[in-house]
Amino acid sequence: MEDKVDPLPNTGVNRIFGLLELLDDRGGREDIYRLADELGYELGELLAVIQAAELLGFLETPGGDVLLLPLGKRAIEGDTNLKKALFKEQLRRLGLFRHLSDYLQAREGQAASREEILEELAHLLPQEDPEQLFETLLNWGRYGELFGYDPDEDRFYLDQLWVSGPARPGGLD
Amino acid sequence: MALLELERVSKEFGPLAALEEVSLAVEEEEFVAIVGPSGCGKSTLLRIMAGLIPPTSGRVLLEGRALNGVNYETALVFQSFALLPWLTVQANVELGLEARGLRPEERRRKAAFYIDKVGLEGYEEAYPRELSGGMKQRVGLARALAVEPKILLMDEPFSSLDALTAISLRELVLDLWADPQVPVAACVMVTHLIDEAVELADRVVVLSARPGRILKEVRVELPRPRDKRLEAFNGYIDRIFSLMA
């Protein structure tokens, strides 16, 4: 069965972890509007960070609040390597990452050009801006050490072999 | 003996007095923050510590010996990242090592170690144009740490970053500070944000408006990680703010 492929909210890794830290400082729960006001963010900008963290299973949004989940708490309490490991584990669950892993594994050298990835993204998610999606995909993929991109060689590749079957439900031990 | 000591340091730029009789000792295992109003000479003070500019009068002592010229026991992290856009992340981090004469293999090994420490493994071949501000500052940190300075100097390292990214980078700096594999003995950070100084530093040095003089030094006696909801945390902020006001 084909995975459900959701777009990635256009935001960066540092902002995602920054939001988790901020929530933890507030006792794990905060009102979305209050956060946007206090941070000086446009609401849409903050929502992208919240959606990204929710997609990765680090928080949830009951009512108008943002609630830090145990996985998010574990990520911010861990060192850099644990943060990266948890991020990677969560990325492996996302349809878009799984699809592109399959796509690259089927290719010779398990790599593609930027243009080929943009075409694939446009085909998969025609409503999204493929350039922006590529940027986010690469930022998250590099942090999770799943995808790499060599701009000199124009080569987007699987950073290491990772099984495209279902990730273990319990996540990392 | 202090790791780094300023003795009655003054600095004038032509008719402009930037610093006046600043005496300050930085001890081993100490994280010092320097706060003060805009234009009070905070960044000038940091550059004098790095030996990039000489004081007009007074002395800088490194482990008891007078400093003449560049202080090779320090490395600077800049507000504006100061990365070379035509070099990859790996090459930017190796840059300071090349200047210190390390062999290519050793440069690669050290750069890889600190790239890993700042969470940039996977970004080695990226160029600065591909990176967000937060990731650029991670490169800036890795480049500074790679030369294994005794004293890490940071000049408003988070002030070019948006609020959430700055939170994330402050946590990274605290992780690195606590990491026994990172051999930095002391850290001096210039900031205009009092809460940032109280969150990170063991001691906050408060400078006056230009010419910068030391008004007071406040020791922050709170265990890390510091809970910003505590009354004591806000007490330090109020105290420092009242000194600056």
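Within chain A, twelve residues of domain 1 are in contact (heavy atoms within 4.5 Å) with ten residues of domain 2. The structure is a predicted model, in which local features need pLDDT of at least 70 and side-chain atom pairs count only at pLDDT 80 or more, while totals for chains, interfaces and linings use all residues. Residues are numbered from 1 along each chain as its sequence is written, chains are lettered from A in the order in which they are written, and side-chain values use heavy atoms, leaving out hydrogens and water.

Domain 1 covers 13-77 and domain 2 covers 80-158, with bounds from an automatic or database domain assignment. Between them, about 1,100 Å² is buried, 78% of it given by carbon and sulfur atoms; buried area is the accessible area (1.4 Å probe) that two parts lose on being put together, summed over both. A:Val13, A:Phe17 and A:Leu56 supply 48% of what domain 1 buries here, more than any other three residues. As for salt bridges (a side-chain nitrogen of Lys or Arg within 4 Å of a carboxyl oxygen of Asp or Glu), the count between the two domains is zero.

Now for the two chains. Here 29 residues of chain B touch 33 residues of chain A, and the pair buries about 2,300 Å², with 47% on carbon and sulfur atoms. B:Tyr123, B:Glu125 and B:Leu164 supply 27% of chain B's buried area against chain A, more than any other three residues. Four salt bridges turn up across this interface. A:Arg142 and B:Glu130 join their side chains in a salt bridge, at 3.2 Å from N to O.
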